[in-house]
Amino acid sequence: MAAGSSNYWEDLRKQARQLENELDLKLVSFSKLCTSYSGARDGRRDRYSSDTTPLLNGSSQDRMFETMAVEIEQLLGKLTGINDKMAEYTNSAGVPSLNAALMHTLQRHRDILQDYTHEFHKTKANFLAIRERENLLGSVRKDIESYKSGSGVNNRRTELFLKEHEHLRNSDRLIEETISIAMATKENMTSQRGMLKSIQSKINTLANRFPAVNSLIQRINLRKRRDSLILGAVIGICTILLLLYAFH
């Protein structure tokens, strides 16, 4: 029974090591594919500036990428299944010392699986980011070429639209500045009105608080008006007398 269990464990380890070796080779090839894809795209972009002949190398590399990604995912799935079987075996082992050794071996295989999985997802994400960036740049280059190959009338019309757009932006900016100045003036006038109301309120408060002072101010104002009337009457009488004297 023990010999059979030992053989089962060794068989699982052999399968795990075989899958790990296959994964290691696949991941190296997968990484080289992504690197060559980026280099090929860069070279094709340089040639595109002088030659517009389409190349199909990118599409073949895309198909190879998809194929290798599926193969690596299948190997990772198989290795995960082997690790699960090894975990089940360690849980059913009866000798504590043997169980500790098996757990150590299992943990090492799990770490290797985790590293391979992380490396695969990282490489795949980098490849997809490069492809998305290149597709976007290719679309922009097509738009630029289409714009350059357009007729003179369309180019002229586009320039007029751009100038009109810039003129509208300048007008909007001037309107916003005018509105800002008007709002600032309104706030200033509102502040001054509030200040004048405060001063008037303080004066009324002082007048109500000191009625004698208010009465004295009123008397002074009445005396000033009376003196002004007397002075005006005297000046008028003197003027009339002078006129009468001058005509007689």
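Start by selecting I72: leaving aside its neighbours within four places in sequence, I72 is in contact with L23, K26, L27, F30 and F120, contact meaning heavy atoms within 4.5 Å. Before going on, note that this is a predicted model, where local features need pLDDT of at least 70 and side-chain atom pairs count only at pLDDT 80 or more, while totals for chains, interfaces and linings use all residues. Residues are numbered from 1 along each chain as its sequence is written, and side-chain values use heavy atoms, with hydrogens and water left out.

**Stop 1**

Buried means under 20% relative accessible area, exposed means over 50%, and partly exposed is in between (1.4 Å probe, protein chains only).

**Stop 2**

Next, pick R131, which sits in helix 3. Its contacts, leaving aside neighbours within four places in sequence, are Y37, D62, F65 and E66. The rule for a salt bridge is a side-chain nitrogen of Lys or Arg within 4 Å of a carboxyl oxygen of Asp or Glu.

Draw the R131–D62 distance: the side chains meet in a salt bridge at 3.9 Å, N to O. D62 lies in helix 2 and R131 in helix 3, so this pair ties together parts that are 69 residues apart in sequence. Then draw the one to E66, whose closest N and O atoms with R131 are 3.6 Å apart. E66 is in helix 2 as well, so its pairing with R131 ties together parts 65 residues apart in sequence.

Buried or partly exposed: what is each member of the trio? R131 counts as buried at 18% relative accessibility, and D62 counts as buried at 17%. E66, at 39%, counts as partly exposed.

**Stop 1: a pair within helix 4**

By the salt-bridge rule the count comes to five. For another one, select R169 and E166, whose closest N and O atoms are 4.0 Å apart. Both are in helix 4 (residues 152–209), and being three residues apart they are separated by about one helical turn. R169 is partly exposed, with a relative accessible area of 47%, and E166 is partly exposed too, at 38%.

**Stop 2: cysteines and a surface patch**

Select C34 and C238. C34 counts as buried at 7% relative accessibility, while C238 is partly exposed at 40%.

Finish with I237, I240, L241 and L244, which form a nonpolar patch on the surface, with about 390 Å² of accessible area together. I240 is placed in helix 5 (residues 211–247). Patches are made of residues with over 30% relative accessible area and no salt bridge; like charges are joined within 9 Å and nonpolar side chains (Val, Leu, Ile, Met, Phe, Trp, Tyr) within 5 Å. Accessible areas come from the Shrake-Rupley method with a 1.4 Å probe, and for residues only the protein chains shown count as cover.

Note on methods. Helix = DSSP H or I, 4+ residues; strand = E, 2+ residues; numbered from the N terminus.
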